[in-house]
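Q: Walk me through this model, please. Keep it brisk.

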Amino acid sequence: MLGLQAYWTYHLKPSIWARGRLKYTDLTAKMESSVKDDATDIQRINSIKNKSVRQNAIAKNKHEKNKKQERKRRRMAGEPKQIPKTIDSMREKDDTMLVLMEDEDKEEINIEFNQDEMSSYFQKAYEPKVLITYSDNPNQKTRIFGRELRRIIPNSVSLQRHKSGVKKMIKSAGAKGFTDIIIVNEDRKEPNGMLVIHLPDGPTAHFRLSNVKVTPDLKRNYKEITAHRPEVILNNFSTHLGNTVSRMLGALFHYDPEFKGRRVATFHNQRDYIFFRHHRYEFTPKGKVKLHELGPRFTLKLRSLQHGTFDTKTGEYEWIITDKRHDLETSRRRFYLTPSYVGIQDFLEDPG
């Protein structure tokens, strides 16, 4: 008993007292720091000579103090944290959101997809063959970008345009057995547009192209891109229009990937911007997955979707956006490709 009392007296009691003293010292330091900050803010505000600016600073300081006190009150009361209002959380619902459709409407969508222009691809009736070309006299970066697209997309060919018209290219490409055409446009020596034409009957999608980073920009070696057919991930296309666009992009690649190459091409849609990334994945001895970006990377923004092949005069547009924002985009909270984060695979059967 005497040993326990001595151990308490000489070891436990001083350490507990020291920890309590340390906590008290930390709390005191925080309070003193807060008081000093308030005093500094008051001095800074009082040093402002302009009356209106000083009044605005006082109102802003008072608003910040009230917010801190309100957060402290909610924390002490145990209330849950408020969800911040963002563009994503305040999205407007779209009538074509597949997740909100009834079962009958989903069946109609499946029937429509089984009869559209890409249905033969998903039925594995043919192997894609893609022609990649450019605008007249393309810059070096545009040519490099086209060659890297050729390495990513299996069974694709990159050729110069030689001042040929789009309609003439469609006719000759169809005669040579091509199933799709990709035309990369440029402005000020930078790739700025992409036209994707599905042959022989369309549709035609026009994208704005931005944030293009080829392998030299990413400090990567193009030789790391193997000839294996990649896996394709189409993420977050949850409306009728978004699903049509995703089917067009997916139809550029072979439907039978070679998993041995461990290559994956990802089209991730967020706020109607389609981000493309190209990776090779590896499995570590601990069972985790590591991603190695191969390049290139770029961002697409849909400008128009046209029925049939390219025709600017008599073509019928399914969806189009003009240069004037508010002609179509009546609200910043309205999205046309992805009004919901729910993936299409959760509620729509694979037509293939």
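Q: Let's start with R297: what does it count as at 25% relative accessibility?
A: R297 counts as partly exposed, because its relative accessibility is 25%. Buried means under 20% relative accessible area, exposed means over 50%, and partly exposed is in between, with a 1.4 Å probe and protein chains only.

Q: And which residue forms a salt bridge with R297?
A: E293, with the closest N and O atoms 2.7 Å apart. A salt bridge here is a side-chain nitrogen of Lys or Arg within 4 Å of a carboxyl oxygen of Asp or Glu. E293 is buried, because its relative accessible area is 12%.

Q: Before more detail, what are the ground rules?
A: This is a predicted model, where local features need pLDDT of at least 70, side-chain atom pairs count only at pLDDT 80 or more, and totals for chains, interfaces and linings use all residues. Residues are numbered from 1 along each chain as its sequence is written, and side-chain values use heavy atoms, leaving out hydrogens and water.

Q: How many salt bridges does the structure hold?
A: Ten. Helices (H or I, at least four residues) and strands (E, at least two) are DSSP runs, numbered from the N terminus.

Q: Are K141 and D217 buried or partly exposed?
A: K141 counts as buried, because its relative accessibility is 18%. D217 counts as partly exposed, at 42%.

Q: Zoom out. How many helices and strands are in the protein chain?
A: Seven helices and eleven strands. Of the 352 residues, 38% count as buried. The chain exposes about 22500 Å², and carbon and sulfur atoms supply 52% of that. Accessible areas come from the Shrake-Rupley method with a 1.4 Å probe; for residues, only the protein chains shown count as cover.

Q: What about the contacts along the chain?
A: Among contacts between residues at least 6 apart in sequence, 67% join residues at least 24 apart. Contact means heavy atoms within 4.5 Å.

Q: Helix α2 next. What span should its 27 residues have?
A: Helix α2 covers residues 51–77 and should span 39 Å at 1.5 Å a residue; its end C-alpha atoms are 39 Å apart, so the two agree. The expected span is 1.5 Å times one less than the number of residues. A57, N61 and R74 are buried in α2. Just after the helix, G78 takes a positive phi of about 75°.

Q: And how many residues of α7 are buried?
A: Eleven of its eleven, residues 240–250. Among them are H240, N243 and R247.

Q: T204: buried or exposed?
A: Buried, because its relative accessibility is 2%. T204 sits in strand β5 (residues 204–213). Its side chain reaches the backbone oxygen of G308 at 2.9 Å. A polar atom of that side chain also lies 3.3 Å from the backbone nitrogen of F310.

Q: Where are the cis peptide bonds?
A: One joins G202 and P203, with omega about 5°. P203 is in the loop between β4 (190–198) and β5. The bond from G295 to P296 is also cis, with omega near -5°. P296 is in the loop between β9 and β10 (297–306).

Q: What is phi for N211 and R271?
A: N211 has a positive phi of about 55°, although it is not a glycine. R271 is near 55°, again positive in a residue other than glycine. N211 lies in strand β5, while R271 is in the loop between β7 (263–270) and β8 (273–283). N211 counts as exposed because its relative accessibility is 55%.

Key
A polar contact is a pair of N or O atoms within 3.5 Å; within protein, one must be able to donate a hydrogen and the other to accept it, and residues adjacent in sequence count only if both atoms are side-chain atoms.
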